[in-house]
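Subject: Structure handover

Hi there,

Here is the structure I promised to pass on to you. Have a look at it first, and then read on for what I found.

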Amino acid sequence: MKYTRITALAAIGVAATLSLTACGNDGSGKDSSSKGSSSSSSSSSDGGSKSEDSSGSGGSQAGNAKSGSAEDTEAEATANGATETGSKVTFCKTEDLAIDATDAAPDEESGRINITMINRGSTTCSATGFAGVDIKDTDNTSNPIERGPAQPRVTILKPGDAAVFNLAYDIDNTGNSLSHPTNILVTPPNETHTVTLKWPAGAGAIKGAYTDVQVYPTHTTE
């Protein structure tokens, strides 16, 4: 009888233990599920907020990018001699330009040679930029002239319009100049064909060497 009672009590104790364990597991499972659901909801909320910010920022950047692209295109068009209406024109060809050189020194110290180019063609063209210039000496050597510190200006020439650029240098009044120029070789901007002009009569002697002479970009005469 005692053995039977002990066995029955033991069975009851095991059952009670299992019941308590099951209740504990159910509670922890609910808590875990609740926390997981709360965490997921919070993450979804944060993610949605960041997505909106990113979209807004991206839209702004895209707008800026389009604006910059348009500005770059306009700047490029201007550099290539576009007209104000946005239509492009070709660069002036040497064969369509009447080119002449004159002495335009403002005083006895500063030498300046103005080189004028008149569009004798039938269409509008661009003379924007620096012309290529070499000065030929009495010894038949040709010396390339360096560019002066200036930015090119858009120079559009309609038929009959003129553009001008100049050579600048210091005048040597000692009578001992080592430079004896005879001709100026001019290649218009963005061209490969050259014309030969006479060095203007009466122009002051060059002080120093030909490397001291500078050429400046074209501009309209208006």
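This is a predicted model: local features need pLDDT of at least 70, side-chain atom pairs count only at pLDDT 80 or more; totals for chains, interfaces and linings use all residues.

Residues are numbered from 1 along each chain as its sequence is written, and side-chain values use heavy atoms, with hydrogens and water left out.

Back to Thr102, which has its place in strand 1; helices (H or I, at least four residues) and strands (E, at least two) are DSSP runs, numbered from the N terminus. Thr102 has 36% relative accessibility and so counts as partly exposed. On the scale used here, buried means under 20% relative accessible area, exposed means over 50%, and partly exposed is in between (1.4 Å probe, protein chains only). Between the C-alpha atoms of Thr102 and Arg112, which are 10 residues apart along the chain, the separation is 8.7 Å.

Now for the overall picture. The protein chain has 1 helix and 12 strands, and along the sequence they follow the pattern α-β-β-β-β-β-β-β-β-β-β-β-β. Of the 222 residues in the protein chain, 28% are buried. The accessible surface of the chain comes to about 14100 Å², and 50% of that belongs to carbon and sulfur atoms (Shrake-Rupley method with a 1.4 Å probe; for residues, only the protein chains shown count as cover). Among contacts in the chain with a separation of 6 or more, 74% are between residues 24 or more positions apart.

Next, the interior. A nonpolar core here is a set of buried Ala, Val, Leu, Ile, Met, Phe, Trp, Tyr and Cys residues joined through side-chain atoms within 4.5 Å. The largest one has 28 residues, and Ile113, Ile115, Leu167 and Ile184 touch the most other members. At least two residues of this core come from each of strand 1, strand 2 (110-119), strand 4 (132-137), strand 8 and strand 9 (181-187). Strand 8 gives the most to this core, with 4 residues. In soluble globular proteins, nonpolar side chains tend to be buried together. As for Ile115, its contacts beyond four places in sequence include Ile99, Ala163, Phe165, Leu167, Ile184 and Leu197.

Strand 8 deserves a paragraph of its own. Of its 9 residues, 7 are buried, so strand 8 is largely enclosed by the rest of the structure. Which strands does strand 8 pair with in the antiparallel sense over 2 bridges? They include strand 12 (residues 219-220) and strand 11, where pairing requires that DSSP finds at least two bridges between the strands. Val164 has His219 in strand 12 as its bridge partner, and Leu167 has Val215 in strand 11. Ile118 stands opposite Ala162 of strand 8.

Then there is the disulfide (a pair of cysteine sulfur atoms within 2.5 Å). A search of the whole structure finds 1: Cys92 and Cys125, with their sulfur atoms 2.0 Å apart. The torsion about their S-S bond is about 85°, so the disulfide is right-handed. Cys92 lies in the loop between helix 1 (2-79) and strand 1 (97-103), and Cys125 in strand 3 (residues 125-126), so the pair ties together parts that are 33 residues apart in sequence. Both Cys92 and Cys125 are buried.

Cys125 is also touched by Thr155, whose other contacts beyond four places in sequence include Ser126, Ala163 and His219. Thr155 lies in the loop between strand 6 (146-147) and strand 7 (156-157), and its 0% relative accessibility makes it count as buried.

Finally, the whole-structure search finds 1 aromatic pair. Rings of Phe, Tyr and Trp (its six-membered ring) pair if their centres lie within 6.5 Å; planes under 30 degrees apart count as stacked, over 60 as edge-to-face and the rest as tilted. Tyr169 and Trp199 form a tilted pair, 6.1 Å centre to centre with 45° between the planes. Tyr169 is in strand 8 (residues 162-170) and Trp199 in the loop between strand 10 (195-198) and strand 11 (214-215), so the pair ties together parts that are 30 residues apart in sequence. Tyr169 and Trp199 are both buried.

Best wishes

Notes: Contact means heavy atoms within 4.5 Å.
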